[in-house]
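Student: Could you walk me through this structure and the words used to describe it?

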Amino acid sequence: METFELSNSAANQTLSDAIRRGLISPRVFIDPAFEPIKTPRADFNRKEIQLQATHLSYLWAVCYTMIGLYEITRKTAELEIQALKVNDFPEIDQVSFVINWGIRQNTMRTIWPDGVPYPSLEDEHVKATNELFLFVIRYLMYHEAAHLIYHYSSFQLVAKQSRREVLSDDEKRRMRNMEVQADEFAFDSVVLFPSEGPMQYMRALGAIIAQLSSLYLLSSANTKGGSHPDYDDRIKRALKKGTVDEEPYNTYIHLTLVIGIQVFLHLHDDKYLDEIRANGPYETFEQLEAELFNLLERVKNQ
Ligand SMILES: [Zn+2]
């Protein structure tokens, strides 16, 4: 609950009202079981947000990787804006080791390996990771809180979906709307101060990385969502809501996003990055970003 306390006061009010009305338990359950990744969920019976220790380690690994790649890319982008050439930088070995370990947890839980940095390490990169990690977690918790607060009447539909039963088009549409609503509530809730400059930036980053973290668990490069909104559309929405006019934050956000999508493509097939590289160099990160979104759209419709 401490995580919630750092949010804006309107969201706090909604949350304490919901707790008083018995819609949401003030407890957050963290599943310690040594099992593969389970993404956060809203348990309508217990009215509880459920997180999982494995998934939290995975998220931390994603944050660590994003910060590492961000530093590397920032250095190279001074020369030209291009698709990431994964093999050019020795530092990439360390960060890809971290994310690859994180993703493997999707199929099999393994202990925190030697060579993977950990949250209590005294290190600048780790400190920045911990800070970002909290924004990502806040976003994800508010997303689940929104389901508990607003979607109780649809709990049978949600149960049907988790049993992987076939949903009608109308049911799928309802599910997608619920996801969009939960994303928006999460986004609006995660802010410490009036949303200018650095704080708006951290909140947008938290939302974008939370969305990227579900992207990395997909088994192919196809970002179609089915009963959820398409993954790339969720990222676009977060990006639109998180617009920061102020520089350098605006550039940082686009830079993080272009890295994030390239990591995703790299995980599936480097031919995608080759294609992006062949169409470069790019004038701005926004231009590279548009190219990446076009590519995702094409893969989706193949
Ligand atoms: Zn959801």
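Predicted model: local features only at pLDDT ≥ 70, side-chain atom pairs only at ≥ 80, totals over all residues.

Student: Why is Glu-35 called partly exposed?

Tutor: Glu-35 has 14 C-beta neighbours inside 10 Å. A residue is buried with 20 or more other C-beta atoms within 10 Å of its own, exposed with 12 or fewer, and partly exposed in between, with C-beta atoms placed from the backbone. Because 14 falls in between, Glu-35 is partly exposed.

Student: Which residues does Glu-35 contact, leaving aside its neighbours within four places in sequence?

Tutor: Thr-54 and Arg-109; contact means that the C-beta atoms, placed from the backbone, lie within 7 Å.

Student: What makes α5 oblique to α7?

Tutor: The axes of α5 (residues 124-150) and α7 (residues 169-189) cross at roughly 125 degrees. Angles under 35 degrees count as roughly parallel, over 145 as roughly antiparallel, 65 to 115 as roughly perpendicular and the rest as oblique. The crossing angle belongs to the rest, so α5 is oblique to α7.

Student: How do the residues of the contact of α5 with α7 divide?

Tutor: Into 8 nonpolar, 4 polar and 1 charged. Ala, Val, Leu, Ile, Met, Phe, Trp, Tyr, Cys and Pro count as nonpolar, Asp, Glu, Lys and Arg as charged, and the others, Gly among them, as polar.

Student: At what angle do the axes of α10 and α12 cross?

Tutor: At roughly 30 degrees, and the axes come within 9 Å.

Key
Residues numbered from 1 in each chain as written. Contact = placed C-beta atoms within 7 Å. Axes fitted to C-alpha atoms, helices over the stretch in contact; angles between N-to-C directions. Helix = DSSP H or I, 4+ residues; strand = E, 2+ residues; numbered from the N terminus.
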